[in-house]
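Me: I've got a structure open and want to talk it through. Can you help me find my way around?

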Amino acid sequence: MQRRPIDPSLHPEVPGPGRPAPPGYEFAGFRRFELVLRQLGGIASRRELLAATDGDETSFWFALHYGYLDRVRTGWYAAATVPPDARAAWAAGGPLACVSALVHHGVLDPADHRIAGTLHIALGRGGHRFVTDRPVVAHWGDEDRDSGTRIAVSLETALRQARWCASAHQ
């Protein structure tokens, strides 16, 4: 999935290539990692975070050590605004899919007893499902996984997956 570069007009306070940190920025905390995560859609790899902050390994380590970065699985980090189900999905291997994505998009009620507890995720063909404490249904396919964001597949993809999933489990 190709990610857009950080738009400096939206977040001029985020340092990056060609955008040095303003005076005193380094001592204001590690807020820049949260800003970068939000700009990248809420979930980003370590490599993406370092690229967006000029490869500042020391600040990255301190941000992680002091709890300013939330690791959802090895090498992947989430913004504070990422919903718990999306964090759980990414920890299991990919974005929300099928009925889990429909809940995220507001189409289904999260209190529906038929969908409570089970997490549907999208995985690419070469993807790997990680062990979690929740039951997980994996939906395989690069096109599906890349149809939306790192939070959830697109609404159209989720609807198609739900139709297939419902017919496969009847």
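Me: Where does Y66 sit?
Reply: This is a predicted model. In it, Y66 is in the loop that runs between α3 (57–65) and β2 (70–73).

Me: Is Y66 buried or exposed there?
Reply: Y66 counts as exposed, because its relative accessibility is 53%. It's also part of a nonpolar surface patch with W61, F62 and Y68, and together the four have about 470 Å² of accessible area.

Me: OK, and α3 itself, which of its residues are buried?
Reply: S59, F60 and A63. They sit on the same side of α3, because they cover an arc of only 105 degrees around the axis.

Me: What covers them?
Reply: The cover includes α1 (31–39), α2 (46–52) and β3 (76–78). And after α3 comes G67, which has a positive phi, near 85 degrees.

Me: Switching to cysteines. How many disulfides are there?
Reply: The structure holds 0. C98 is in no disulfide, and the nearest cysteine sulfur, in C165, is 3.9 Å away.

Me: Why don't C165 and C98 count as bonded?
Reply: Because 3.9 Å between the sulfurs is too far for a bond; the cut-off is within 2.5 Å. Both residues are tucked away, though: C98 counts as buried at 1% relative accessibility, and C165 is buried at 7%.

Me: Now charges. How many salt bridges do you count?
Reply: The count comes to 9. One of them joins E48 and R150, with the closest N and O atoms 2.7 Å apart. E48 lies in helix α2 and R150 in the loop between α6 (142–145) and α7 (155–168), so this pair ties together parts 102 residues apart in sequence.

Me: Are E48 and R150 buried or exposed?
Reply: Both are buried. R150 also touches S45, which has G75, W76 and Y77 among its other contacts. S45 is in strand β1 (residues 43–45) and counts as buried at 12% relative accessibility.

Me: What does R87 pair with?
Reply: R87 pairs with D70, the closest N and O atoms being 2.0 Å apart. That links helix α4 (residues 84–92), where R87 is, to strand β2, where D70 is, 17 residues apart. R87 is buried at 18% relative accessible area, while D70 is partly exposed at 33%.

Me: And what about E34 and R38?
Reply: Their side chains meet in a salt bridge, 3.0 Å from N to O. They're 4 residues apart in helix α1, so about one helical turn separates them. E34 is buried at 15%, and R38 is partly exposed at 43%.

Me: Which residues form a salt-bridge network?
Reply: R125, D142, R145 and D146 are linked in one.

Note on methods:
Residues are numbered from 1 along each chain as its sequence is written. This is a predicted model: local features need pLDDT of at least 70, side-chain atom pairs count only at pLDDT 80 or more; totals for chains, interfaces and linings use all residues. Side-chain values use heavy atoms; hydrogens and water are left out. Patches are made of residues with over 30% relative accessible area and no salt bridge: like charges are joined within 9 Å, nonpolar side chains (Val, Leu, Ile, Met, Phe, Trp, Tyr) within 5 Å. Accessible areas come from the Shrake-Rupley method with a 1.4 Å probe; for residues, only the protein chains shown count as cover. Helices (H or I, at least four residues) and strands (E, at least two) are DSSP runs, numbered from the N terminus. Buried means under 20% relative accessible area, exposed over 50%, partly exposed in between (1.4 Å probe, protein chains only). Contact means heavy atoms within 4.5 Å. The arc is that of the directions from the helix axis to the C-beta atoms. Lists of a residue's contacts leave out its neighbours within four places in sequence.
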